Amino acid sequence: MIEVEKLSKIYPMGEERVVALDGVTLSIGRGEYAAIIGPSGSGKSSLMNILGGLDRPTSGEYRFDGESVGDFGDDQRAHFRNRRIGFVFQSFQLLPRLSALQNVELPMIYAGQAPGERRERARALLERVGLGTRVGHRPTQLSGGQQQRVAIARALANTPDLLLADEPTGALDSQTGKEVLQLFESLNAEGLTLVVVTHDAEVAARARRRVRFHDGHIAEDDRGAANAKPA
Amino acid sequence: MRRVELVRFAAGAIVAHPMRSALTALGVVIGVAAVVMMTSIGLGAQESVTKAITGLGTNLIIVSPGSNRQRGVVSLGAGQEISITDADADAIAKQVDGVAVAAPLVAGYAQVQADGANWNTQIQGVTPDYLVARDLTIASGRMFDDADARQGREVAVLGPTVVKQLFGEDADPIGRRIRVGDVPFQVIGVLASKGQSGFGQDQDDLILGPLAAVRERVVGRKIKGDAVQSIFVKATAPEMLDTVQDGLTDLLRDRHRLREGQDDDFTVQNMASIIQAASAAIQTFTVLLAAVAAISLVVGGVGIMNIMLVAVTERTREIGLRMALGATRSDILLQFALEAITLSLGGGLIGLTLGSLGAFTIAAIAKWTTAVPAWAAPLALGFSVLVGLVFGAYPAWRAGQLDPIEALRRE
């Protein structure tokens, strides 16, 4: 599904140039559950931004289902993010003014869905993540774990092909973090492709594949250990 | 993406900060209210002045004695030479083209008595044509005619106010006797009411009597011979006013034997041109006031721009998130532009209401006919939208240009 070839990302920093990604080649198939790991500055966030269509590579190819996303214009990328990608952020990124339900509705609004339909779907999604009784709550009335589950429901709103999570448990205690990971696993079991960026070894251990980044290169691609479900 | 949703986003953001939104819109509120009030007051003043002048009669030219240098001043001081006469009026009526009537007038204030009641009012000595010139009508009884005038009868036609003051409401004064100064007059008619003039003057507070009788017996000491204080010349049609003015000026110069280069010894006032001049003056003033008021509208716009820039900075993360969720740059731009326009339009609506209320209040106090023009509403609201659009454009553009990654990272 995802094919990345000789992908480079270079940021100009005044006179100097920072090479975040240096000729990365990677492919991720449909239904995979991959963790991208590595120390900060290793290029994993840059990769995620490009995979999510938030950023453009400096050079190289990024194909998503055969489409060359790297060549998309602004509006095309907005459409791509809206329909194909679901984002989950470390800091949840919920809009505080809106209720859980309204937050989940947002991507469907940008997709142009009718109000009745999208409300129904948002409600169903919140039920799916175990928040069926909290639909009217504001983010401030929810715990961190609940907020992250709202964010996951929002990421699933337009039935994306790929769920991109950036340190999804980074702001959660270990118990609620585990709940979120369990949710990921069950979503993956239903066929959703997942890419999780993390530097937490425990989180990475639960993925079925680990891609380790170092200095803009892939240092290790570990598909081996099938330790997806430790006791 | 439906545009309606963007309006809802914009409205939601405004409602989220009610106090800030109200203060931001206040500049536009004040600006629009001021513009509406100024134009309404200007138009009200214009209308009342026009009404006051047309209250004197339409298609009218007024000839008064004295040169242009003493324009409009009808002084009755002793020794003042009054240069226009009955005969001048006659000549104008007969010899100038386009004249319907030419009605000479003398006037003075006098104490009037009847049945022990007392009233001080204006008595005007006129000819029957005066009714035509001034658009007056008789409500009951009759107007005096040429026969009354020839025989020097002391007969009078009263204005409704005088009737009320001397005889009481709804009284029938026809045939009753009154004393104007020392002179007894018999009431033969009552004028139909003309109400208040635009200046708040009671146009019904007067007595008409035959020219000769009034001149000789009431205001006699001040006016010699067959002189008159004014001649009301009515043209047959508004288009004829200029022709009539030129014609009667030539005629009077001729009759008064004025040589070329010598100043007129009379003044001609054309009602149409007076109205025009007065309206133009008021209009200039109105435009000036409205322009000053419009400046506050611009200041209001700058206030909106300022707050919108703050909002864009404050909500950078929200913008980044919306972009990540699929908002295009133009979705973001439109959302913020709509927010500015909604603020401005809301301010405009409130301003329009307050301005109209203010205009009505002032009109009520000044006894003007209120004139909040029908076009004030679309104009005020159109301008508020324009202000929102102009001053919201830059902040909205900035919002649309944000880099989603940078924006999401912002704390």
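**Strands, cores and a chain contact in a predicted model**

B:Ile178 has B:Phe185 as its bridge partner in β7(B). This is a predicted model, in which local features need pLDDT of at least 70, side-chain atom pairs count only at pLDDT 80 or more, and totals for chains, interfaces and linings use all residues. Residues are numbered from 1 along each chain as its sequence is written, while chains are lettered from A and ligands numbered from 1 in the order in which they are written.

Let us begin with the strands. Helices (H or I, at least four residues) and strands (E, at least two) are DSSP runs, numbered from the N terminus, and two strands pair if DSSP finds at least two bridges between them. Strand β6 (residues 177-180) of chain B pairs with β7(B) in the antiparallel sense, over four bridges. Two residues lie between these strands in their hairpin, where B:Gly181 takes a positive phi near 65°. Strand β7 (residues 183-191) of chain B also pairs with strand β4 (residues 138-141) of chain B, antiparallel and over three bridges; here B:Ser140 is partnered by B:Val190. With strand β5 (residues 155-158) of chain B, β7(B) runs parallel, joined by four bridges, and B:Gly189 in β7(B) stands opposite B:Val157.

Next come the nonpolar cores. Such a core is a set of buried Ala, Val, Leu, Ile, Met, Phe, Trp, Tyr and Cys residues joined through C-beta atoms within 7 Å. A residue is buried if 20 or more other C-beta atoms lie within 10 Å of its own, exposed if 12 or fewer, and partly exposed in between, with C-beta atoms placed from the backbone. The largest nonpolar core has 122 residues, of which A:Ile36 and B:Val36 touch the most other members. Helix α2 (residues 18-54) of chain B gives the most to this core, with 13 residues. Apart from it lies another core, of 61 residues, including B:Phe185 and B:Val180.

A:Arg206 sits in the loop between α7 (201-205) and β9 (209-214) of chain A. This residue counts as buried because it has 21 C-beta neighbours inside 10 Å.

Finally, the two chains meet. Residues are in contact if their C-beta atoms, placed from the backbone, lie within 7 Å. The contact takes 19 residues from chain A and 18 residues from chain B. On the side of chain B that touches chain A, α10(B) gives the most, with four residues.

Conventions
Contact = placed C-beta atoms within 7 Å.
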